Amino acid sequence: MAITSANQLELLQTAEAVAREKMIDPELVVEAMEESLARAAKSRYGAELDIRVSIDRKTGKATFTRVRTVVEDDAIENDRAELNVEDAKQYLDNPEVGDTIVDEVPPVEMGRIAAQSAKQVILQKVREAERDRQYEEFKDKAGTIINGLVKREEYGNVIVDIGRGEAVLRRNEKIGREAYRPNDRIRVYIKDVRREPRGPQIFLSRTDPQFMAELFKMEVPEIYDGIIEIKAVARDPGSRAKIAVISYDNSIDPVGACVGMRGSRVQAVVNELQGEKIDIIPWNEDQPTFLVNALQPAEVTKVVLDEEAERIEVVVPDEQLSLAIGRRGQNVRLASQLTGLDIDIMTEEEESARRQAEFEERTKLFMDTLDLDEFFAQLLVSEGFTSLEEVAYVETEELLVIDGVDEDTASELQARARDFLEAQNKKALEHARELGAEDSLIGFEGLTPQMVEALAEDSVKTLEDFATCADWELAGGWTTVDGERVKDDGVLEKFDMSLEEAQTLVMTARIQLGWVDPADLVSEEEETEEAAETTEVEA
C-alpha cells in the first residue's frame, strides 16, 4: 500500500484504537509506526542509509527523511550515513562535527512483505509497552493483598487473573493441600514483582507470614490506623502461627483488639487461612519477657540470655516440657522465629544437674590449684568466684566477706593464685616459642601467653599472621546455612573474647604494621556518624 492522503488519517485512528485496547500511551504506538515505516524505507533505499520517519500528530502525514552526520575524517564507518567536514561544506555554510544534513526522500510503497514486517514491529512495540505498563502498575503493590480469579493450574502452580495481568501462585506458596478450580475467587499476597524478558512476573503467596499480618490489618482498624503495630509474625502455614503486637495507646489492649468481640476478628483471619490456629502475643522490648510470652501456653521458670551468641536458655517445670516444645517442636520453633533467637529448653531437673556439675568442677579447680580443702573451695564458689584470675586480682575486701577469711588468709590465697597463673604463663610461652611464635606476636599488647599459645597451635605465629585474621576467626560466630544457624569456632573463643575485642586487636596490629592509616579510620568513622545523623533527620 502507498502512504497517500487517503490513509494518512487512518494511521492516527489505528494508533488511538490500539492504545485504548491495550491501555497504553497512543504516542508509543505512533512511535512504533514510525519505526516500522523507517524499516520499510530502508529495505527500499538501502539498509546503510539512516532513514527516519515522522508522522504528524494532527494530520497523520508521514514524512520520510535521510539523515547524514558530520564526523571526523578518521571516524567514518558508513559513507552513506556519515561524511567529513570538507564534504559537508557543499550542503552547510560552516559545518562542524556532530551537525546533521537532513534531506526529504519520496514515500515508499509498502509491499506485502514490508507491510507484514511493519505489523510485527508495531505488535512488538505494543507488547513491550504493555509489559512496562503492567510492571509499573504492580511493582508498588508488592507487599499487599489482592483478590483474583483462578484461570488454570499448571504442574501444581496456580495461574491467577488479577485484573490487568496474570500472576503465579507456586505450589510451595499454597497452604497445605489447597486445591482450586477455574473461576474460583482467591485472596493472595503479592510477594514479588520482577521485570523479566517475557514480561513482568508477579509471584503470589498464601504462606508468607506477611500475608497474615496484612489480613489482620484489614480486620483490625486499630492496626490500619497505626494505634497497634504488628512487630513480628511466625507461621507454620495451615497449622499454627504466632503474632506479636504492641499498642501505642495505653487504653487499648492489643491482644483484645486483635481477637475482637467473641473472637470475630481473629476468626475471620483463621477462616481465610484454612483453620490455622493463631496465638496473639503482647510484644515486649525486654527479650526474656517477650520470650516468656512467645512460649505460651507453656509456663517458664527461668530465662538465661546470651546476647552475643543470640541464644537463650529457658527452664520450664518438668511437666511443662512437652507443652513448651510442642508437637514436633512446633511451639519452640515458632517462638524462635518470632524472637530471632536460638532457644534451648531444659527442665528444672536438668538445669539443677548442670549447675551442680559446674559447682563441682569449680570446687575441684580451686582444690587442685590453690591447695584448699573441699569446704573452703566450696565457700569460694558459693561467693561467685569462677576462675583463678578472679581470686588473684580481685580487691582484697571481696575475699574478706567470706566467713573465716582474714587479711592474712586473703593475701595467702591471692599469692597462691598468682604463683599458679605465672607458672602457667611461663609454660604457655615456652610452648608457644617451641611452636615457632615470634617476639612480634608474643609482645603484642592485648594477648595473654595462653592466647599466644593457642594462636601458635593454629599456625598464627607472627604479628603479620595475626593481622590477616578475621574477627570471627578469633572470637567465633554464627553463620546461617540453609536456614539453620551454624556455630563457627574461634581460636580465642575459649578466652571469652568478643567480636568487638577481636576487631580492635586485629585493627591495632594492622596499624602497627603500617597496613592501615589511623587517619583513614577516623574519617571513615566520621562519615558513618554523619550518615547515621542524616538518616535520623530524614526519619
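Biologist: Which helix is glutamate 349 in?
Modeller: Glutamate 349 is in helix 12, which runs over residues 348-370; helices here are DSSP runs of H or I with at least four residues, strands are DSSP runs of E with at least two, and both are numbered from the N terminus. This is a predicted model, so local features need pLDDT of at least 70 and side-chain atom pairs count only at pLDDT 80 or more, while totals for chains, interfaces and linings use all residues. Residues are numbered from 1 along each chain as its sequence is written, and side-chain values use heavy atoms, with hydrogens and water left out.

Biologist: Is glutamate 349 buried or exposed?
Modeller: Glutamate 349 has a relative accessible area of 56% and is therefore exposed, given that exposed means over 50%, buried under 20% and partly exposed in between, using a 1.4 Å probe and protein chains only.

Biologist: And glutamate 351, buried or exposed?
Modeller: Glutamate 351 is found in helix 12 as well, but its relative accessible area is 7%, so glutamate 351 is buried.

Biologist: What does glutamate 351 touch, leaving out residues up to four places away in sequence?
Modeller: On that basis, glutamate 351 touches Lys302, Val315 and Met346, where a contact means heavy atoms within 4.5 Å.

Biologist: Let's move to helix 11. How many of its ten residues are buried?
Modeller: Eight of the ten residues in helix 11, residues 330-339, are buried, and the helix is thus mostly covered. Among the buried ones are Val332, Leu334 and Leu338, and the elements that cover them include strand 10, strand 11, strand 12, helix 9, helix 10 and strand 15. Just after helix 11 comes glycine 340, with a positive phi of about 75°.

Biologist: Which residues other than glycine have a positive phi?
Modeller: One of them is serine 459, where phi is about 70°, in the loop between helix 18 and helix 19. Aspartate 496 is another, with phi near 60°, and its place is in the loop between strand 17 and helix 21. Serine 459 is exposed at a relative accessible area of 54%, and aspartate 496 is exposed at 69%.

Biologist: Where is there a cis peptide bond?
Modeller: A cis peptide bond joins glutamine 296 and proline 297, with omega at about 10°, and proline 297 is found in the loop between helix 9 and strand 13.

Biologist: How many salt bridges turn up in the whole structure?
Modeller: The search finds 21, each being a side-chain nitrogen of Lys or Arg within 4 Å of a carboxyl oxygen of Asp or Glu. One of them pairs the side chains of lysine 242 and aspartate 279 at 3.2 Å, N to O. Lysine 242 lies in strand 11 and aspartate 279 in strand 12, so this pair ties together parts that are 37 residues apart in sequence.

Biologist: Are lysine 242 and aspartate 279 buried or exposed?
Modeller: Lysine 242 counts as buried because its relative accessibility is 0%, and aspartate 279, at 18%, counts as buried too.
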